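Please keep the sequence and the model at hand while reading.

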Amino acid sequence: QDVTLTIESWRNDDLTIWQDKIIPAFEAEHPGIKLNFTPSAPAEYNAVLNSKLDAGSAGDIITCRPFDASLALFEAGHLADITDLEGMANFSAVAKSGWSTDDASVQYCVPMASVIHGFIYNKDAFEELGIEEPKTEAEFFAALDKIKEDGSYIPMAMGTNDQWEAATMGYNNIGPNYWKGEEGRLALLAGDQKLTDEAWVAPYRQLAKWGAYLGDGYEAQTYPDSQNIFTLGRAAIYPTGSWEISGFNGLADFEMGAFYPPVQNAGDTCYISDHTDIGIGMNANTPNPDAAKTFLNWVGSSEFATIFANALPGFFPLSSAPVELEDPLAQEFISWRGECESTIRSTYQVLSRGTPNLENDTWNASVAVIKGEETPEDAGKRLQEGLSSWYEPQQ
Amino acid sequence: MSDPHSKPKIRWHIIVFLAPAVLVYTAVMIYPLFNTLRLSLFSEVEQTRVFVGLQNFRTLFGDAVWSAQFWNALANNFWFFLIHMLVQNPIGIALAAILSHPKLRFASFYRSAIFIPTILSFVIVGFAWKLILSPIWGIAPGMLDAVGLKSLYAPWLGKEAYALTTLSLVSVWQFVGIPMMLIYAALLSIPDEILEAAEVEGITGFSAFWKIKLPLILPSIGIISILTFVANFNAFDLIYAAQGALAGPDFSTDILGTFMYRTFFGFQLQLGDPHMGSTIASVMFAIILIGVCLYLFGIQSRMRRYQF
Amino acid sequence: MSVARQNNFNTYAAHGALILYTLIALFPVFVIVINSFKTRKAIFREPLALPNSDSFSLIGYETVLKQGDFFLYFQNSMIVTVGSLFFILLFGAMAAFALAEYRFRGNLIMGLYLALGIMIPIRIGTVAILEMMVQTGLVNTLWALILVYTAQGLPLAVFILSEFMRQVSDDLKNAGRIDGLSEYRIFFRLVLPLVRPAMATVAVFNMIPIWNDLWFPLILAPAEEVKTLTLGSQVFIGQFVTDWNAVLSALSLAILPVMALYVVFSRQLIRGITSGAVK
Amino acid sequence: MTALTLTHIHKSFGEVEVLKDINLTVEDGEFVVFVGPSGCGKSTLLRVIAGLEDATSGTVNIGGDVVNNVPPARRGIAMVFQSYALYPHLSVRGNMALGLKQEKQPKSVIDERVEKAVQMLDLSAYVDRRPSDLSGGQRQRVAIGRAIVRDPKLFLFDEPLSNLDAALRMNTRIEIAELHRTLSASMIYVTHDQTEAMTLADKIVVLRDGQVEQVGSPMELYNNPANQFVAGFLGSPSMNFLKKAPLAMPPNGALGIRPEHLRLVPNGRIRGTVTHVERLGGDTNLLVSTDQQEAVTVRLFGQDSTGVGEAVELDFDDHIAFAFDDKMQRAAV
Amino acid sequence: MTALTLTHIHKSFGEVEVLKDINLTVEDGEFVVFVGPSGCGKSTLLRVIAGLEDATSGTVNIGGDVVNNVPPARRGIAMVFQSYALYPHLSVRGNMALGLKQEKQPKSVIDERVEKAVQMLDLSAYVDRRPSDLSGGQRQRVAIGRAIVRDPKLFLFDEPLSNLDAALRMNTRIEIAELHRTLSASMIYVTHDQTEAMTLADKIVVLRDGQVEQVGSPMELYNNPANQFVAGFLGSPSMNFLKKAPLAMPPNGALGIRPEHLRLVPNGRIRGTVTHVERLGGDTNLLVSTDQQEAVTVRLFGQDSTGVGEAVELDFDDHIAFAFDDKMQRAAV
Ligand SMILES: Nc1ncnc2c1ncn2[C@@H]1O[C@H](COP(=O)(O)OP(=O)(O)OP(=O)(O)O)[C@@H](O)[C@H]1O
Ligand SMILES: Nc1ncnc2c1ncn2[C@@H]1O[C@H](COP(=O)(O)OP(=O)(O)OP(=O)(O)O)[C@@H](O)[C@H]1O
Ligand SMILES: [Mg+2]
Ligand SMILES: [Mg+2]
């Protein structure tokens with residue numbers, strides 16, 4: 001008797017990859033277990049999943065958002081404790097941090113992938129204009145100025161309509177260089193630093209300068225608009241994350257390169273956001289716990305890591321097992337792990353638990369700063385006020 | 001009305017006629033709704049649900065963060081409603097007035113075409129208008145350019161000052177067919193003889209509209225207004241489809257529906273809070289109920305329905 | 001055309017205004033449909049141009065049709081929409097008849113109770129609905145959707161239909177009673193056929209939100225074999241958000257069936273509306 | 001045997017008492033007409049008899065059985081409605097046959113009865129048409145046919161002719177009278193057209209405000225009305241009531257004289273001036289304003305040359321004038 | 001001066017020719033009534049005069065001016081509709097004043113004219129009521145008032161009384177006649193009630209199938225109809241037409257005898273049996289089936305005791321019988 005495991009996910013972009021590569025590979029190895037990948041749109045995933053879990057109709061396997069969203073599910077008893085899963089041994093503590101309880105004692109999702117932030121650029125354009133990959137802030141803005149002056153390319157493709165672009169690809173992309181990655185993030189968590197500190201306001205100050213380099217009407221530009229502008233070759237630089245790689249490879253007919261967020265001064269240590277983004281766990285109420293565990297163990301294996309990483313260049317496996325990547329752009333991104341210090345997005349762990357929600361506020365503040373509607377200082381102050389209103393270590 | 005049997009007998013057929021609708025409606029709509037609204041009196045503390053009375057309402061109105069969002073959404077919602085009242089309904093009435101002209105040719109074609117946006121889904125409408133208004137794709141700026149008004153163009157959906165108005169107008173575009181149809185029906189029900197009597201007295205064209213037709217369709221306009229009110233204060237989909245659950249930019253398009261949705265189901269890193277969510281839902285329900293009652297007892301009862 | 005009565009200028013003005021508004025109404029649909037037949041480059045270069053031999057491309061449709069089983073989705077949507085409409089009309093008409101025809105204690109209260117649903121979005125009851133569907137084992141069946149849509153459509157249906165039912169001649173019903181027809185036969189054989197236009201009105205007004213709904217299919221029936229067309233195309237929109245060929249094709253494919261259904265019903269709709277229901 | 005007996009029928013709609021203590025007997029084969037002003041309860045009474053409304057109190061006895069709790073279909077009645085109330089989706093034949101099918105009559109019986117009614121009403125050319133394809137008069141005949149096939153003990157008609165035009169109305173009136181003679185069934189007929197009432201009825205029941213004012217044969221009511229209401233209600237042009245009559249009268253009473261009983265005579269007791277003349281060809285009505293400032297109508301047979309403004313003198317035979325007292329009841333002259 | 005002259009009026013709706021070459025003159029102050037069977041084009045003709053329809057060809061001349069291209073409001077006419085067509089949202093006063101306001105008359109003129117009409121029609125108690133709060137007869141008076149205030153050269157009435165009940169109809173009929181006398185304006189009145197036609201008209205225009213059959217004063221038409229159609233159309237009960245008459249007649253012709261001209265006499269030339277008796281109180285109609293199997297109606301004044309089934313003998317004066325030839329035209333007896 002076959003059991004069928006249903007997988008809940010927001011990764012509807014990955015539907016074909018699951019159907020064509022991952023599922024056949026698993027099913028070939030584990031006869032008797034069938035997989036059914038049922039993604040929903042990212043924006044609705046949380047609402048849909050919560051409803052289904054509350055009602056008991058959710059699938060056996062659940063793709064986990066990092067940190068609080070999943071923690072809440074675990075605490076509500078929806079995600080099974082899988083601390084003892086053998087495959088768990090393949091992951092580092094940092095990798096696991098996205099899906100363990102605050103005291104790290106219990107693990108409820110297998111880390112699956114992380115994404116690295118950075119900037120993708122149009123190599124042809126850079127060559128045409130004679131620009132080098134910028135290493136420092138100054139070079140970065142010099143490059144932008146040059147592109148702007150030339151006028152044949154929009155310097156940077158980003159819009160503020162969807163809001164999260166500004167926060168995720170802007171603030172959290174360049175921010176770690178200022179708050180020194182994990183050091184600053186943990187200090188903020190502990191209440192030792194405040195969002196009004198220079199380390200946290202400085203990235204806003206950078207963002208405030210970006211507005212001038214974005215395309216006309218960027219205020220109404222959506223994320224897909226940005227993607228299209230860049231892949232149609234109309235923009236030179238695209239602040240982004242590694243997850244775009246697989247999509248862009250098919251769309252862009254020019255060569256792409258990538259650079260990590262420029263540091264303040266030459267020689268500074270660079271910090272990158274290597275964000276634990278996707279985990280995968282087990283519905284506590286699944287009728288097929290054994291099959292589910294079998295599957296999760298397989299997700300922890302290096303075999304899965306290889307399939308996944310190459311099927312989706314840009315989603316980097318978190319397992320400690322070494323993985324050979326074929327895509328040059330993906331190789332570029334992952335190579336930064338050696339050069340720079342890694343951290344995760346500052347707002348994801350713990351800080352977005354209360355009301356007002358720091359993540360939402362950060363979106364909002366990043367947009368406001370880019371548009372020049374709020375000064376970086378005011379933004380910092382507003383966020384700090386919001387955070388301290390409910391987060392005890394900051395009070 | 002007619003009871004062929006004797007008084008004390010139970011009229012089973014009434015029960016049979018009502019039962020399916022009442023059962024389905026109660027089980028699948030009313031029970032879940034009230035079950036949900038009930039949540040507004042509870043809160044979750046340490047993974048358990050505890051009764052907190054009106055505490056959630058106090059939070060909603062008392063807590064600065066919550067109340068600011070609430071009043072913002074409410075104010076936006078009123079603006080949304082106002083635009084519908086000021087733009088959608090007059091346009092609907094005007095179109096209906098033109099269409100109801102007895103000798104107009106192609107009337108049925110116009111009628112069907114104008115109703116088409118109403119049958120489209122929010123996903124399509126939101127997406128299509130985002131594309132058209134997008135500065136990137138350039139249809140709207142291009143068209144304005146063609147008539148020499150390029151300077152009027154702005155990335156409306158991205159500007160706080162315009163976004164809500166723009167979306168309201170998109171919504172107007174989508175739904176203008178409904179008031180048009182209802183008014184059209186009302187206009188057709190005005191007897192020809194009354195209009196001819198007016199014509200003999202020299203009341204034609206615009207004065208016929210102002211002096212005869214409009215007063216006679218006032219009750220229909222009243223009903224349309226209240227339907228618009230209910231629909232607008234329940235609205236959610238279009239804003240969500242066009243601007244996402246955060247109703248950007250900077251919550252400038254946030255209306256009660258999106259606020260409730262975001263709170264109830266959570267969003268991105270924000271966790272869903274069914275208790276606060278149903279608190280907002282309860283308030284929405286109250287607002288709509290008050291509006292409907294005001295209409296029913298304040299306006300409807302004073303308005304005459306004319307029997308022709 | 002009447003000389004003494006009609007003013008040509010007015011006629012032209014009327015047509016002018018209507019044509020203008022018709023263009024506004026159809027423009028977005030037009031833009032989506034024409035661009036779905038163009039290459040990606042052409043979509044961006046000349047969004048308003050009709051596809052020509054150069055820019056014509058069906059790549060979007062190929063992508064969309066290759067993915068997912070659009071025919072199945074369409075069939076599911078059809079079943080759900082038609083099924084829900086059937087129950088809305090049947091149950092709604094029955095209840096409306098009871099309210100319009102019989103005087104009994106609680107008639108008014110019952111009418112108000114049934115109208116309550118017009119005022120609250122059913123969506124906030126999602127969790128409770130889902131729980132119920134889980135308990136009854138209806139999740140991931142089309143029945144779950146049909147039930148929800150039926151409940152959702154009933155209030156307005158009862159409201160509109162009871163207005164109409166009041167207009168059906170008492171004499172006719174009484175003639176039936178004297179001929180020995182049961183109340184049920186009177187309802188089904190005499191009254192229902194006479195309110196057919198009203199039923200069409202209710203059908204159109206309910207059909208649109210049901211066909212276009214995304215939320216309940218997502219929550220109650222997301223499984224592949226019961227996916228509706230709207231949900232199916234939404235997944236595409238998410239999946240190909242950068243692939244505008246596919247997105248526009250998916251949108252076009254989602255628009256066309258509703259338009260077809262609308263054309264089928266529109267005549268009845270007009271008759272229903274203009275026979276004076278919602279005066 | 002009596003076809004119908006109503007005993008102490010009361011009917012209220014909520015607070016409003018629409019029928020007040022109605023007692024009435026209809027004999028077998030009798031043609032009874034209910035007349036009365038609009039809203040007096042004629043239709044309601046008919047519906048109570050049919051079982052379409054329940055009486056608030058009182059008993060309805062049809063053909064010897066109390067039928068208060070019997071549904072309309074089993075009361076042995078048939079009803080013809082003002083609006084015809086034909087089933088729009090059925091052919092003429094289907095309309096007639098439905099009630100019989102419902103009673104589970106064998107097909108042969110149904111066919112035979114329908115055929116007979118079709119013959120009787122001269123509808124054979126139309127049996128397969130829908131009601132919407134028939135003229136008003138034809139529809140009315142179908143409605144009557146639908147009643148006939150049920151072979152009822154009692155026919156109930158509610159203003160069956162009021163939707164027909166004048167000429168058709170007269171023909172159909174005569175047809176109904178013939179039908180009554182042929183079928184010799186009991187019939188109750190509601191109308192507010194007094195020509196119909198006078199010409200059809202064996203017995204007229206005059207209702208006012210839910211009460212029976214008088215019951216009797218047409219000529220009885222015409223020649224001997226019980227009160228001023230009945231006197232004024234029947235007859236066209238209606239009876240003249242003089243407050244200031246040339247006769248001894250009850251205080252505050254009125255003297256009733258039918259227009260056709262006034263004669264133009266020299267030295268008549270009533271003097272006046274003609275204010276209006278209506279020449280109908282076959283007869284002529286003079287409106288006369290008396291010297292006492294009362295308006296009276298004089299009906300003259302044939303054509304008359306009296307013109308407006310002429311002074312006339314009128315007289316009448318005392319024995320055909322009616323006196324009414326201040327309570328509008330008949331009084332001795 | 002003539003109030004209205006119609007010359008060669010034709011009117012077609014698409015293929016259907018509804019009015020065929022109508023020529024007609026209405027003199028100043030004349031009361032003209034259009035009668036004819038339903039669908040003969042009466043309303044259409046009235047609407048052509050009003051300017052609510054355009055004639056396909058022909059000229060409409062009102063008060064000396066050709067008004068074919070003049071909008072209704074400036075033709076100097078006023079129209080009263082069958083359904084009254086009052087503005088439901090306006091009070092009685094508002095209904096009357098609206099047309100004047102539209103003409104931008106000064107307020108004092110409006111008030112004065114409305115006041116006068118209100119007085120004339122005895123509506124003062126109701127000026128502030130809405131039409132829905134008025135009875136049928138009052139509504140009709142308001143509709144007339146609305147016409148009066150416009151002070152038109154020509155009043156047009158389209159079946160203004162057909163929605164009223166019998167008693168009210170008679171009263172309002174008389175009121176309209178008085179109004180005509182008072183205002184001495186020209187009036188055109190459409191009806192299919194021949195009593196109205198006979199009593200109101202100075203001149204009756206009988207229409208059939210869009211053509212004028214005869215024009216003349218009521219008594220002219222009654223006593224001297226041009227053809228069988230007019231003869232049969234006027235008079236109630238309508239004229240008897242005998243194919244087998246006891247007189248020399250045109251081949252295939254008919255002899256027309258009015259019911260009131262038939263007398264019950266011994267040894268009458270027509271023998272028959274009474275098949276039905278209608279006793280109306282003031283007069284009695286006998287339906288007689290002659291020995292030649294023709295049905296004739298006999299109208300007797302007063303009450304008569306002849307019963308159904310009795311054999312009767314009838315006779316008439318030859319000089320008041322009409323002969324019609326096979327084309328239904330009058331012929332010499
Ligand atoms: N269903 C009802 N509910 C309340 N009142 C009613 C109802 N039916 C009739 N009535 C009232 O009862 C009274 C008598 O009505 P009914 O229809 O019997 O009058 P009618 O004599 O038939 O009048 P008409 O000649 O106008 O037909 C009227 O005042 C009417 O308003
Ligand atoms: N707008 C129209 N379009 C087509 N045919 C019409 C129109 N108006 C009237 N007719 C036709 O013209 C003919 C005359 O109609 P009209 O209304 O003048 O008759 P009428 O004499 O007033 O009848 P009634 O006594 O029934 O009112 C009818 O056959 C009618 O069907
Ligand atoms: Mg009645
Ligand atoms: Mg007419």
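In which segment of chain B does I10(B) lie? I10(B) belongs to the segment before α1 of chain B.

## Basis of the report

The model is predicted: local features need pLDDT of at least 70 and side-chain atom pairs count only at pLDDT 80 or more, whereas totals for chains, interfaces and linings use all residues. Residues are numbered from 1 along each chain as its sequence is written, chains are lettered from A in the order in which they are written, and side-chain values use heavy atoms, with hydrogens and water left out.

## A nonpolar surface patch

I10(B) has a relative accessibility of 51% and therefore counts as exposed (exposed means over 50% relative accessible area, buried under 20%, and partly exposed in between, with a 1.4 Å probe and protein chains only). Together with W12(B), I15(B), V16(B), Y184(C) and F188(C), I10(B) forms a nonpolar patch on the surface, with about 570 Å² of accessible area in total. Such a patch joins nonpolar side chains (Val, Leu, Ile, Met, Phe, Trp, Tyr) within 5 Å, from residues with over 30% relative accessible area and no salt bridge (a side-chain nitrogen of Lys or Arg within 4 Å of a carboxyl oxygen of Asp or Glu). Areas come from the Shrake-Rupley method with a 1.4 Å probe.

Two or more residues come from each of α1 (12–38) of chain B and α9 (183–194) of chain C. The largest share, three residues, is that of α1(B). Helices are DSSP runs of H or I with at least four residues, and strands are runs of E with at least two.

## Helix α5 of chain C

In α5 (residues 107–116) of chain C, the buried residues are N107(C), L114(C) and A115(C). Viewed down the axis of α5(C), they fall within an arc of 100°, so they line one face of the helix; the arc is that of the directions from the helix axis to the C-beta atoms. I109(C) and L112(C), on the other side of α5(C), are exposed.

The buried residues of α5(C) pack against α1 of chain B, and also against α4 (70–101) and α7 (142–165) of chain C.

## Contacts between chains

Contact means heavy atoms within 4.5 Å. Eight pairs of chains are in contact, and chains B and C share the most contacts. Chain A and chain D, by contrast, do not touch, and their nearest C-alpha atoms are 49 Å apart.

Definitions and conventions:
Patches are made of residues with over 30% relative accessible area and no salt bridge: like charges are joined within 9 Å, nonpolar side chains (Val, Leu, Ile, Met, Phe, Trp, Tyr) within 5 Å.
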